[in-house]
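Me: I would like to learn how to read helix packing and salt bridges in a model. Please take me through one case.

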Amino acid sequence: MFSLNKLSPTITNMIRFDHSHVMVTFHQYERDKRPSVKKALADTICDALDIHATLEEEIFYPVMRQRDSGEPFMHKAEPEHDEMRRLIAELRRTSGADPRHDKLVMELMRDVLHHVADEETTLLPHAEAMLSKDALSELGAQMTRRRLQLVGPKAGKLAKSHAVGFSGSGTALVLGLASAVFAAKAFAPKKTWKSKPA
């Protein structure tokens with residue numbers, strides 16, 4: 001029988017992967033790129049961070065709070081997400097040609113770097129020490145199911161932003177398009193075949 005739990009990465013590895021994806025996208029952002037490319041990269045970053053923060057707040061943080069409410073990072077994680085969301089909202093209202101766009105992307109990157117460093121050096125190792133491999137995998141499966149729900153309605157927009165934003169990077173473009181095809185197939189209406197009696 002198929003089990004998402006057995007195929008899914010652990011929640012801590014999924015969180016690390018999300019961090020890496022956002023950092024690669026930040027590294028593609030350059031002030032001298034076309035405004036449409038800068039806007040697409042910023043949209044990719046904003047959507048990825050928004051989905052990532054929602055997943056952590058709905059699935060990961062509640063488990064960690066229940067296991068160890070004294071963990072200092074847990075008290076500042078969600079306020080840091082709130083600050084990132086404030087910057088994301090401002091960035092989404094700003095054109096790629098607006099001089100403030102670059103400043104907002106750099107400010108968001110500073111906040112994300114700080115948050116990621118704390119999470120990867122403190123919270124994730126703490127979770128791996130406290131939770132069993134099976135528990136981490138189950139949480140990873142929960143995160144995968146919820147991610148599919150969050151990404152589904154945005155799959156086309158995400159694919160377009162990724163393709164435009166990474167248009168100068170062949171490898172990144174291929175990876176983005178492969179992800180878009182996977183998402184499109186995953187969210188396409190399922191055909192049901194009925195066999196006729198012989």
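Predicted model: local features only at pLDDT ≥ 70, side-chain atom pairs only at ≥ 80, totals over all residues.

Me: At what angle do α2 and α3 pack, and how far apart are their axes?

Reply: Two packed helices are described by the angle between their axes and the distance between the axes. Here helix α2 (residues 11–28) packs against helix α3 (residues 35–67) at about 160°, and the axes are 9 Å apart. Axes are lines fitted to C-alpha atoms, for helices over the stretch in contact, with angles from 0 to 180 degrees between N-to-C directions. Helices are DSSP runs of H or I with at least four residues, numbered from the N terminus.

Me: What is the handedness of the crossing of α2 and α3?

Reply: The α2 and α3 crossing is left-handed, meaning that the near helix is turned anticlockwise from the far one by less than a right angle.

Me: Which residues of α2 and α3 meet?

Reply: Contact means heavy atoms within 4.5 Å. From α2 the residues are I11, I15, D18, H19, H21, V22, T25, F26 and Q28; from α3 they are L41, T44, I45, A48, L49, H52, E56, I59 and F60. Sorted by class, this contact holds ten nonpolar, six polar and two charged residues. Nonpolar covers Ala, Val, Leu, Ile, Met, Phe, Trp, Tyr, Cys and Pro, charged covers Asp, Glu, Lys and Arg, and the others, Gly among them, are polar.

Me: Is L41 buried or exposed?

Reply: L41, in helix α3, is buried, with a relative accessible area of 0%. Buried means under 20% relative accessible area, exposed over 50%, and partly exposed in between (1.4 Å probe, protein chains only). L41 and T25 are 16 residues apart in sequence, with their C-alpha atoms 6.6 Å apart in space.

Me: How do the axes of α4 and α5 cross?

Reply: They come within 10 Å and cross at roughly 160°. α4 and α5 are therefore roughly antiparallel to each other. Twelve nonpolar, four polar and ten charged residues make up the contact of α4 with α5.

Me: How many salt bridges are there?

Reply: Side chains of opposite charge can pair when their charged atoms come close. The rule asks for a side-chain nitrogen of Lys or Arg within 4 Å of a carboxyl oxygen of Asp or Glu, and the count comes to 18 salt bridges. In one of them, R85 pairs with E57, the closest N and O atoms being 2.9 Å apart. R85 lies in helix α4 (residues 72–92) and E57 in helix α3, so the pair ties together parts that are 28 residues apart in sequence. R85 is partly exposed at 24%, whereas E57 counts as buried at 19% relative accessibility.

Me: Which residues form salt bridges with E90?

Reply: R86 is one of the partners, at 3.2 Å between the closest N and O atoms. Being four residues apart in helix α4, E90 and R86 are separated by about one helical turn. E90 also meets R100 in a salt bridge (3.1 Å, N to O). That pair links distant parts of the chain, E90 in helix α4 and R100 in helix α5 (residues 99–130), ten residues apart. Shared partners join E83, R86, E90, D98, R100, K103 and E107 into one salt-bridge network.

Methods. Residues numbered from 1 in each chain as written. Heavy atoms only, no water. Helix = DSSP H or I, 4+ residues; strand = E, 2+ residues; numbered from the N terminus. Parallel < 35°, antiparallel > 145°, perpendicular 65-115°, else oblique.
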